[in-house]
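Colleague: I would like to learn how to read a fold feature by feature. Could we take one case and work through it?

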Amino acid sequence: MADVTIRQAEPKDAEDIYEIEMICFPDPWSMESITYELEENPRAFYVVAEHSDKVVGYAGLWWIMDEGHITNVAVRPGYRNRKIAEGIIKVLIEHTAREGILHHTLEVRRSNEAAINLYRKFGFEVEGVRKGYYKFENEDALLMWRHEEE
């Protein structure tokens, strides 16, 4: 991952994030939603991973009081298994924890063992299940949380 830079996302990154959404998710966010997140939503915080001036991954978070809800984490195929997602999550959590977020949460597909194991590395634990959360496949989501020491 030495040749990858992780930085806060900017409005100019919307098209790249949308492209990654389209590749990675069966029910991707719209370009309008991503643009709103980057340009207008005061509670959104996004980071991107760049390699050779190309956005190869990203993650987003909604800031709600002292909680951060991680909305999406995605890495382009061809760039996976290089610890890019790990780097993205690390930067996202470290930055938001410094800014006052004490609790991070996310939903993950029950079948996505690689993601579940990655989140566990950061102290996330399963605290619930959302039945049929992923409507496209009618798959359950595991609700995972991590808590900072207060």
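Colleague: Where is the place of Phe45?

Modeller: This is a predicted model, so keep that in mind throughout. Phe45 sits in strand E2.

Colleague: Is Phe45 buried or exposed?

Modeller: Check the relative accessibility against the cut-off: buried means under 20%. Phe45 has 8%, so it counts as buried.

Colleague: What does Phe45 touch, leaving out residues up to four places away in sequence?

Modeller: Phe45 touches Gln8, Ala59, Gly60, Leu61, Leu92, His95 and Thr96. For a distance along the chain and through space, take Lys90. Phe45 and Lys90 are 45 residues apart in sequence and 14 Å apart in space, C-alpha to C-alpha.

Colleague: Now Val47. Which strand does Val47 lie in?

Modeller: Val47 lies in strand E2. Its relative accessible area is 1%, so Val47 is buried.

Colleague: Which residues does Val47 touch, not counting residues up to four places away in sequence?

Modeller: The list is Ile6, Arg7, Gln8, Ala9, Gly57, Tyr58, Ala59, Ile88, Val91 and Leu92. Now a pair to compare in sequence and in space. Val47 and Gly60 are 13 residues apart in sequence, and 6.6 Å apart in space, C-alpha to C-alpha.

Colleague: On to helices. Why do residues three or four places apart point the same way in an α-helix?

Modeller: An α-helix has 3.6 residues a turn, so residues three or four places apart point the same way. Now the case here. The buried residues of helix H2, residues 31–39, are Ile34, Glu37 and Leu38. Seen down the axis of H2, these buried residues fall within an arc of 90°, so they line one face of the helix.

Colleague: What covers the buried residues of H2?

Modeller: The cover includes helix H1 (14–24), strand E2 (44–51) and strand E3 (54–64).

Colleague: Which residues of H1 are buried?

Modeller: They are Ala14, Ile17, Ile20 and Glu21. Seen down the axis of H1, they fall within an arc of 125°, so they line one face of the helix. The buried residues of H1 pack against H2, E2, E3 and E4.

Colleague: Now the nonpolar cores. What is the general idea?

Modeller: In soluble globular proteins, nonpolar side chains tend to be buried together. In this model, the largest nonpolar core has 29 residues. Those with the most contacts inside that core are Ile84, Val108, Tyr119 and Phe124.

Colleague: Which elements each supply at least two residues of this core?

Modeller: They are E2, E3, E4, H3, E5, H4 and strand E7 (139–147). H3 gives the most to this core, with six residues. Apart from it lies another core, of twelve residues, among them Ile17, Ile20, Ile34 and Leu38.

Colleague: Next, pockets. How does one find empty space?

Modeller: Rolling a probe the size of a water molecule over the atoms shows where empty space is left. The largest pocket here has a volume of about 1100 Å³.

Colleague: How many residues line the largest pocket?

Modeller: The lining has 39 residues, of which Phe25, Val73, Asn112, Ala115 and Tyr119 lie nearest its centre. H1, strand E4 (67–75), helix H3 (84–98), strand E5 (103–109), helix H4 (113–121) and strand E6 (125–134) each give two or more residues to this lining. E4 gives the largest share, seven residues.

Colleague: How do the residues of the lining divide into nonpolar, polar and charged?

Modeller: There are 22 nonpolar, six polar and eleven charged.

Colleague: Last, the backbone. What is phi of Asp53?

Modeller: Phi of Asp53 is near 65°, a positive value in a residue other than glycine. Asp53 is in the loop between E2 and E3. At 73% relative accessibility, Asp53 counts as exposed.

Colleague: And where is Met65 found?

Modeller: Met65 is in the loop between E3 and E4. Phi of Met65 is near 55°, again positive in a residue other than glycine. Met65 is exposed, with a relative accessible area of 73%.

Note on methods
Residues numbered from 1 in each chain as written. Predicted model: local features only at pLDDT ≥ 70, side-chain atom pairs only at ≥ 80, totals over all residues. Heavy atoms only, no water. Buried < 20%, exposed > 50% of the residue type's maximum accessible area, 1.4 Å probe, protein only. Helix = DSSP H or I, 4+ residues; strand = E, 2+ residues; numbered from the N terminus. Arc of directions from axis to C-beta. Contact = heavy atoms within 4.5 Å. 1 Å grid on protein atoms, 1.4 Å probe; cavity = no way out; pocket = protein on both sides within 12 Å on 5 of 7 lines; lining within 4 Å. Points joined across faces, edges and corners; volume = space filled by probe spheres on them. Nonpolar A, V, L, I, M, F, W, Y, C, P; charged D, E, K, R; others polar. Core = buried A, V, L, I, M, F, W, Y, C linked by side-chain atoms within 4.5 Å.
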